[in-house]
Amino acid sequence: MITPRTIDDISSILTQVTQIGDMSAEAFPDFDADLVAPVLEEAGKLCMDVLAPLNQPGDKTGARLENGQVYSAPGFKDAYKAFQEGGWMGMPFPEAFGGQGLPRTLAVAVMEMVQASNMSFSLCPMLSFGAIEALLEHGSDEQKALYLPKLISGEWTGTMNLTEPQAGSDVGALKTKAVPNDDGSFAISGQKIYITWGDHDLTDNIVHLVLARLPDAPSGSRGISLFLCPKYLPDANGEAGERNGVTCIGLEHKLGIHASPTCVMEYDGAKGWLIGEPNKGLAAMFTMMNSARLQVGIQGLAQSEAAYRVARDFAAERKQGRAEGVEGSAPIINHPDVQHMLLQMRARTMAARAICYECAKSSDMSVAGGDDADRKLAKEVEEILTPIAKSWSTDVGVLSASLGVQIHGGMGFMGETLASQLYRDARIAPIYEGTNGIQAIDLATRKLGLSGGEAIPRLLESFDAKCSEFEASGDADLKRLAVHLAAGIKALQDVTSWMKETDMDTRLFGATAYQEMFGRVAGVTYLARGAMSAKDVGSNSAADLAGLALFLAETDLGDIAGWAVRVRSGEAMGRQKRMDLLS
């Protein structure tokens with residue numbers, strides 16, 4: 001669910017926090033800041049008029065499998081046609097393949113709206129985004145020419161086939177085989193599970209990107225290759241032709257996202273083509289995964305936004321009890337405890353939005369920034385923020401959805417309410433595309449060592465410099481906020497130095513707490529930066545951003561010292577002691 005106020009909040013983060021107007025005209029010649037408002041307005045019409053009305057009915061009906069063909073929930077096929085015809089799929093992709101060449105930052109803002117309106121629907125284009133990015137970076141010229149125009153236009157959709165029954169997050173344990181054919185293609189055989197939108201009736205063809213092993217591949221992750229395997233083999237004209245040997249043999253029964261078909265896929269000698277080099281599939285897969293990780297972060301943010309709007313509307317109408325200044329039975333939004341829950345939801349939603357959009361902008365600037373040094377620095381920030389955007393935002397999504405149920409009271413626990421659906425839908429996001437624990441491992445290992453171990457300290461130094469600006473500003477909220485933020489940054493810098501020195505087991509025991517600290521500090525910093533920017537240009541959003549940043553500074557940063565203790569907790573509790581306590 002989104003509202004016109006949602007669009008205002010998205011615009012505020014885009015323009016004041018992320019400062020999308022600074023995007024280089026040379027890098028994005030078809031973009032200027034005046035485009036933001038009309039794009040968001042048109043996307044809002046699609047989301048509010050077409051996608052949102054299908055959300056609850058789709059949850060009740062779900063997709064169905066008949067004779068090896070998956071049929072989407074009623075209305076989804078027409079909704080996808082509207083999405084495709086609106087050109088929403090191609091926003092951030094090259095014009096050479098039919099895209100619009102717009103910033104990724106603007107595209108993820110649109111996808112947030114789609115995801116907040118109908119998460120099950122949004123998963124279909126989300127997987128296509130990852131397939132497109134993998135082909136752009138790793139595909140051959142022939143593969144790009146044949147498949148990218150169809151995917152970017154939305155005429156075909158893409159999937160990501162990684163997981164197998166015996167190989168979940170450990171992709172190195174997968175067993176799907178790829179045997180060379182005489183014509184340069186490969187025969188793919190094996191079973192994949194949890195394949196989102198692995199089959200459907202929305203488009204004429206589906207392009208599966210599949211991880212498999214060549215006959216002579218080394219064991220483990222070093223022996224994984226990536227293959228392109230369409231549902232229908234393209235004919236001489238590049239259209240969907242003969243059926244390939246890939247079939248959906250079952251639909252998973254899930255806690256939430258019921259209208260998104262999660263498929264068990266059977267590959268029986270299906271014809272596929274190698275993407276990139278043999279046994280280098282992990283690198284190509286991570287191109288898809290990093291795209292998906294930001295998109296999943298946006299999903300968490302979107303569910304948080306939807307939960308907030310639903311809960312706020314309910315609280316404004318539901319009358320119960322007495323409240324100061326209100327005659328008779330008061331709408332529960334007047335009760336301080338409800339106000340506190342709603343403020344947590346809105347403030348954390350805005351902070352997650354700031355983190356995700358900043359990550360997207362860094363991605364844009366890493367390929368289209370100024371000089372080499374600027375692009376390198378932007379890439380560093382993108383890589384650091386990706387696990388935080390994915391994990392912190394999806395945790396926020398679950399927390400907000402839970403608070404939304406609480407605000408609804410007993411009604412929130414009833415299956416017919418949107419609040420309960422949002423809670424069920426949001427719960428998957430911390431799990432897939434690399435669990436949030438895996439994101440914490442990434443942050444505490446690879447990202448902590450990025451650029452010789454200097455990348456994270458460099459980002460924290462930039463936060464500290466901004467904090468000094470807040471302290472020196474004439475804004476009372478920002479000055480008050482700076483006290484808490486300075487303490488948060490110092491605590492984060494201290495545990496960062498400690499993590500570099502401690503042993504790996506102890507470091508990983510505190511990795512999730514470290515990730516949480518990082519998200520809290522980054523969220524407050526970005527919101528405060530946006531408040532100062534908004535004040536400088538006289539924007540109406542200045543007070544809103546400053547107030548929400550201050551609320552988070554005094555709540556989420558108020559216990560930052562305790563989080564620093566949690567990061568170090570493995571130091572006193574060694575591995576054996578932990579195992580003994582788990583008896």
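Residues are numbered from 1 along each chain as its sequence is written, and side-chain values rest on heavy atoms, with hydrogens and water left out. Since the model is predicted, local features need pLDDT of at least 70 and side-chain atom pairs count only at pLDDT 80 or more, whereas totals for chains, interfaces and linings use all residues.

Helices (H or I, at least four residues) and strands (E, at least two) are DSSP runs, numbered from the N terminus. Helix axes are lines fitted to C-alpha atoms over the stretch in contact, and the angles, taken between N-to-C directions, run from 0 to 180 degrees. Helix H6 spans residues 119-138, and it packs against helix H7 (residues 141-153) at an angle of about 155°, the two axes being 10 Å apart. H6 is therefore roughly antiparallel to H7, in a scheme where angles under 35 degrees count as roughly parallel, over 145 as roughly antiparallel, 65 to 115 as roughly perpendicular and the rest as oblique. Where the two helices are in contact (heavy atoms within 4.5 Å), Ile132, Leu135 and Leu136 of H6 meet Gln143, Lys144, Tyr147, Leu148, Leu151 and Ile152 of H7. By class, the residues of this contact of H6 with H7 are 7 nonpolar, 1 polar and 1 charged, where Ala, Val, Leu, Ile, Met, Phe, Trp, Tyr, Cys and Pro count as nonpolar, Asp, Glu, Lys and Arg as charged, and the others, Gly among them, as polar.

Helix H17 (residues 511-536) packs against helix H19 (residues 560-567) with axes 8 Å apart and an angle of about 150°, which means that H17 is roughly antiparallel to H19. H17 passes H19 in a left-handed crossing, and the contact brings Ala513, Tyr514, Glu516, Met517, Arg520 and Val521 of H17 to Ile560, Trp563, Ala564, Arg566 and Val567 of H19. In this contact of H17 with H19 there are 8 nonpolar, no polar and 3 charged residues.

For helix H5 (residues 104-117) and helix H9 (residues 336-368), the packing angle is about 145° and the axes lie 8 Å apart. H5 passes H9 in a right-handed crossing, in which Arg104, Thr105, Val108, Ala109 and Glu112 of H5 meet Arg353, Tyr357, Ala360, Lys361, Ser363 and Asp364 of H9. The contact of H5 with H9 holds 4 nonpolar, 2 polar and 5 charged residues.

With neighbours within four places in sequence left aside, Met126 is in contact with Met111, Gln115, Ala292, Gln295, Val296, Gln299 and Glu433. Met126 and Lys376, which are 250 residues apart in sequence, are 27 Å apart in space from C-alpha to C-alpha.

Asn67, in the loop between strand S1 (64-66) and strand S2 (69-71), is exposed, with a relative accessible area of 83%. The C-alpha atoms of Asn67 and Ile152 are 29 Å apart, and the two residues are 85 residues apart in sequence.

Positive phi values occur in two residues that are not glycine, Trp197, with phi near 50°, and Asn279, with phi of about 65°. Trp197 is placed in the loop between strand S5 (186-196) and strand S6 (206-212) and is buried, its relative accessible area being 1%. Asn279 lies in the loop between strand S11 (262-275) and helix H8 (281-317) and is partly exposed, at a relative accessible area of 25%.

Finally, the cysteines were examined for disulfides. A disulfide is a covalent bond between the sulfur atoms of two cysteines. With a disulfide taken as a pair of cysteine sulfur atoms within 2.5 Å, the count comes to 0 disulfides. Cys124 is buried, with a relative accessible area of 1%, and its sulfur is too far for a bond because the closest cysteine sulfur, in Cys263, is 11 Å away. Cys229 is also buried, with a relative accessible area of 0%, and its closest cysteine sulfur, in Cys248, is 14 Å away and therefore too far for a bond.

Definitions and conventions:
Buried means under 20% relative accessible area, exposed over 50%, partly exposed in between (1.4 Å probe, protein chains only). A crossing is left-handed if the near helix is turned anticlockwise from the far one by less than a right angle, and right-handed if clockwise.
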